[in-house]
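Dear colleague,

Please find below the structure that I am handing over to you. My notes on it follow directly after.

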Amino acid sequence: MAAQYGLRTRDAANAVTLDTTVTSVRSLKMFTVTGTGAYNQYFNIPDIKASSFVVVDALYSAKGSTWSPQAFWTDGQLHLRAAGTRTWQVMILADGGDAFAAPGSYGIRARNGNIKTQIDSVNKVLGIKYGGTFEFGMYWRPGMQAIISDPYYFQFPTPITTYERPMVFLNAENYMMVTGFYVSGGPGNWTGWGISHASVYYRQHGLEVSDFMKMKWLLASYKNDTPLVDQYGAVVRDAANQRIFSTTDNLALLSAQPSSNAFWNDGEPIVVGSTYNYSSRVTWTGSFDDYVLANALFSQTNIEQTVDPIVINWGGFLPGNRSILKMYAQRTSSGGAPVDGLSANGRTLFASRPMKQLF
């Protein structure tokens with residue numbers, strides 16, 4: 001047996017709550033940037049490496065009108081397109097190889113071969129606060145929470161008080177096509193989240209009229225304010241005695257986009273009347289256990305600074321297939337020629353799954 005290095009904790013029932021020897025606990029570095037109004041905007045962020053994975057998220061939210069810019073990155077630089085003058089949240093996926101923030105840093109670091117874990121006040125770990133299941137689709141049936149004209153909405157039992165929007169991850173038992181993602185509230189007072197069904201195009205995917213979606217979702221935040229459930233495990237606090245991490249929390253395990261960091265045109269557009277749906281795909285994990293981050297993916301995108309610049313993004317998983325993630329950018333002929341709303345590296349996302357099973 002190879003040597004094992006790292007940290008392992010158990011709960012009162014002797015179940016493992018954290019094992020850094022087998023699970024890489026990735027974390028997030030978070031920054032904000034404010035747009036200058038230029039079409040192409042560049043920001044120097046040394047923490048972004050060529051191998052980094054970056055998500056740019058909105059810091060506002062409104063049902064049906066939340067949008068985000070296209071985001072690209074290279075070593076040390078973030079490139080936003082059509083970002084306007086808003087302030088945007090920048091999240092960099094970290095793998096535990098960075099130096100602790102100085103001075104006065106608090107945290108833990110463990111490494112077993114190439115498996116790394118680092119949790120501190122800068123490398124923030126996401127804990128799952130809420131999760132659930134629901135059904136929605138084109139036509140009503142018993143047990144469904146929403147149909148296409150009635151988006152699903154979840155009201156938080158108590159507001160999420162982080163400055164950043166909480167992260168919502170989506171999955172489904174099989175087919176999933178969604179759009180119109182939003183989080184209600186604002187920085188420091190996020191109150192709920194919603195999503196709409198995109199099954200208006202279900203026939204294009206070989207499905208029956210009665211098709212519906214059995215959805216699963218997770219909501220994660222780095223705010224560790226849930227009560228400690230027992231006296232077993234490990235807790236990390238900062239200089240202000242605020243809890244950074246506890247092994248009693250159910251972590252949202254993060255992984256980078258599996259095989260590529262760019263969508264590409266797959267030549268499978270959907271055209272209905274005057275509506276053109278530009279089709280893109282990216283290689284996905286192949287696992288039905290992996291959830292996809294909804295925040296920056298299923299809202300609208302600003303792609304240019306001309307007339308009618310906002311395009312509707314919708315997409316998800318095709319029936320029985322987790323080898324790809326499909327996305328569509330919707331544009332009507334009245335807005336001009338079809339536009340590449342999901343150009344290479346223009347949308348950002350990553351996969352997640354809970355450390356402890358929820359359903």
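Strand β5 (residues 53–58) is mostly covered, as six of its six residues are buried; buried means under 20% relative accessible area, exposed over 50% and partly exposed in between, with a 1.4 Å probe and protein chains only. Strands here are DSSP runs (E, at least two residues), and helices are DSSP runs of H or I with at least four residues, numbered from the N terminus. The model is predicted: local features need pLDDT of at least 70, side-chain atom pairs count only at pLDDT 80 or more, and totals for chains, interfaces and linings use all residues. Residues are numbered from 1 along each chain as its sequence is written, and side-chain values use heavy atoms, with hydrogens and water left out.

From β5, Phe-53, Val-55 and Asp-57 point one way, while Val-54, Val-56 and Ala-58 point the other way, and all are buried. β5 pairs with strand β8 (residues 87–94) in the antiparallel sense over six bridges, where pairing requires at least two DSSP bridges between two strands. In this pair, Ile-92 of β8 stands opposite Val-54.

The loop between β7 (77–81) and β8 holds Ala-82. Its phi is near 55°, a positive value in a residue other than glycine. Most residues other than glycine have a negative phi. Ala-82 is buried, with a relative accessible area of 0%.

There is also an open sheet of seven strands with mixed pairing, in the order β12-β11-β17-β14-β24-β28-β20. β12 (146–147) and β20 (252–255) stand at its edges with a single partner strand each, so one side of each has no neighbour in the sheet. Within this sheet, β11 (residues 127–137) and β17 (residues 212–221) form an antiparallel pair over ten bridges, and Thr-133 stands opposite Lys-216 in β17.

With kind regards
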